[in-house]
Amino acid sequence: MNTTAQKAAAPAARIKRRTFLKAGTAAAVGSFYAAPSSASAESTAPVVIVVHGTDPKKMVEAGIAKMGGWAKLFKPGAKVAIKPNLAWKSTPEQGGNTHPDILRAFILAAEARKVKKITIPENTCHPEKETFPTSGALDAIKGTSAKLYRPKASEYKEVEVPKGKICQKAKVSRDLLEADCLINMPVAKHHGGATLSLSMKNWMGAIDNNTRRAWHRQGLHQCIADFSTFLKPTLVVIDATRIMLDHGPQGPGKLAHPHEIILSTDPVAADTYAASLFKKTPADVPHIRIADEMGVGCSDLAKIKVERVEA
Amino acid sequence: MKWLRRNVWRLLTLVASVILALGFVPENHPELSALLTRFSPILSLFGAAAARAWFGGTLLLGIPLLILPLFKGRLFCWRICPMGFLAELAGKLNPKGKGLIHHVPMLNKALALIVAATAAAGYPLLIWLDPLCIFNGFFAAWRTPFTVAALATGIGFVAILVMSVIAPNIWCHRICPLGGLQELLMLLARRLTEGRKAEKPKSGDLPPAAAPRPAAVSRRALLTAIPAAAAGVVAGKVFGPNGRKALRPPGADLEKINALCARCGNCMRVCPYQLIQPDLGDSGIDGLFTPVMWLRSRNPDQEQYCFQDCVKCTQVCPTGALRPLTVKQKHDLAIGIAEIDRKKCVAWENKEYCAVCDEYCPYKAIKLEKRGDVMCPVVDLSKCRGCGACESACPADPIAITVKPIS
């Protein structure tokens, strides 16, 4: 508690030096927040849809139907960007990466709705030529127009994080910034540094290595929360079909099989529910608590409306 | 045209050798790129003899060049060898220099004997004078990312060409130990058949005056080989420990690497992440240009370290300086040990949530100890393999975790 207070106080001085927000960036931020579902109306309780089942494809369909259907998510001509977690050379069974069947279900649905393009940028930890095939992601994009890639230095754009307390600048994958529809699609797993790796932590694959390293030096949890005030997903889809309980994030670790996919437009609410699968509360995962304090979303499980769907 | 017809084999071998030396082989068969170097008996057979190890059937590739000279003399040198071909062409640039060769003593047989005798003694000297290795080293040096140090294995090739322009033919006729070895074998064969053929000398043979008398050769050979073997034993005692001073690639023969390594550049070229670089002095003057691991990533956009399932470098060493490893063997083998400097560590010193070393460690060799709210890393020495994943990913500035050689 004490450390957080210090961290919050220290960067306040830096705000003076902060340059003014560029208009373009502001517009981009606004456009992300196209709520895909009437279920998540503003100022009412945040909704988390939890789909239980065994076939990821059917689970996605059932979850999206509950959210309000594909048509509201994928508009014709839209630029869709998906950010799965494909950081490690880990097979779908080992649970280190987002399940490829979930990824493919979204890609096929987006193509069917005639979106302009589908990009999947991921700053992997292991080299992408290892992680993309091993994770099953290469198979997931097979035969589609989706572009799966690890961004080069020129494919990042430096942005300001206006509400950031420590992280005030970050280099972010351009395609994620420019998307009309941004889907944050992590896998839920244990993490040595961040306690749990869920949707907000997943943005660490959206930024470049220098930003990533700086976050570890300067205060990981605060930086994760800072960045989540900036990059707002249209939809959060957390893969909890199997979850890694230890030795994360790389694994292989001990697995549990909740057989769930979690959907929400509130990343904090989605992460809070996902943390409960690990028997953890926002008090155990500082970035979830801090994100709530910064107004990103709701971390009070009692206030979150969990709607369960069977598929 | 006539020249072309005469040299068609040499041209074909040259092209094939360049392709192999540049490493243009199917990606899942890196061992093919070592083919050229394995044809040299000096590298493959003498190397294995010195290493006191049998590391696979590819050793047999060295045998043809031991048998051919028994029947055909130095046919390989004059009609096949790519290094000899280029040296000869370089010599043609300076026809006036031809006479210089007569001022240089015949070193080649003595050099061959030194390599053979010291290899038999277990610590080979001058193995890096092998011409196929020198040829290979030049082309293997052209790899990315391009650094000045990376060029080190190309020095011998340039030296041979320069020397050939100044004094044409000097390399093949006076220095080359592979040529010397074949000449010795040729003389041996001639001596064995001498009795039968003494009455009728063949017209193709060298004139009797130029051919050294076999008895003189064997006496001189012993006078070279015995002191050389003794020197090899002493060198092994004196310089052997230098091998351990630097961080070596997996499978390295730590006692003998400085002597066994021919500086052919195969391991450096084949490493997918360019971690293997020529040593520039860490392991002593005798270890110059031997392979060392630079685990710290030189590419800020990608963590690079000695990957768990990669054994490519161990499959391309012609001399056994790096022994072939299976993936399973590699998992059990430590190439170094990671050390944490707690004063630099963001978890220990600054109480930050980090654990990136634990995150990247493929062997789960980082134990996290709770200090207050924060998990702090400790290296589990029984599990650490020294792969450098932690070092390449460590976000601290300066880096807090580094891999040290096993002493």
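Author: Two packed helices are described by the angle between their axes and the distance between the axes. Here helix H4 (residues 41–51) of chain B and helix H8 (residues 108–121) of chain B have axes that come within 8 Å and cross at roughly 35°. Axes are lines fitted to C-alpha atoms, for helices over the stretch in contact, with angles from 0 to 180 degrees between N-to-C directions. Helices are DSSP runs (H or I, at least four residues), numbered from the N terminus.

This is a predicted model: local features need pLDDT of at least 70, side-chain atom pairs count only at pLDDT 80 or more, and totals for chains, interfaces and linings use all residues. Residues are numbered from 1 along each chain as its sequence is written, chains are lettered from A and ligands numbered from 1 in the order in which they are written, and side-chain values use heavy atoms, leaving out hydrogens and water.

Reader: Which residues in H4(B) and H8(B) meet?

Author: Contact means heavy atoms within 4.5 Å. From H4(B), B:Ile42, B:Phe46, B:Ala49 and B:Ala50 meet B:Ala112, B:Val115, B:Ala116 and B:Ala119 of H8(B). The residues of this contact divide into 8 nonpolar, no polar and no charged; Ala, Val, Leu, Ile, Met, Phe, Trp, Tyr, Cys and Pro count as nonpolar, Asp, Glu, Lys and Arg as charged, and the others, Gly among them, as polar.

Reader: How many residues of chain B are in contact with chain A, and what area is buried between them?

Author: In chain B, 28 residues are in contact with 30 residues of chain A. The buried area (accessible area, 1.4 Å probe, that two parts lose on being put together, summed over both) is about 2,300 Å², with 44% given by carbon and sulfur atoms. B:Tyr353, B:Glu359 and B:Lys364 lose the most area on the chain B side, together 28% of what that side buries.

Reader: How many salt bridges does the rule find across this interface?

Author: The rule, a side-chain nitrogen of Lys or Arg within 4 Å of a carboxyl oxygen of Asp or Glu, finds 2 salt bridges between chain B and chain A. One of them joins the side chains of B:Asp309 and A:Lys89 (3.5 Å, N to O).

Reader: Is helix H11 of chain A buried or exposed?

Author: Buried means under 20% relative accessible area, exposed over 50%, partly exposed in between (1.4 Å probe, protein chains only). In H11 (residues 220–228) of chain A, 9 of the 9 residues are buried, so this helix is largely enclosed by the rest of the structure. Among them are A:His221, A:Asp226 and A:Phe227.

Terms used: Helix = DSSP H or I, 4+ residues; strand = E, 2+ residues; numbered from the N terminus.
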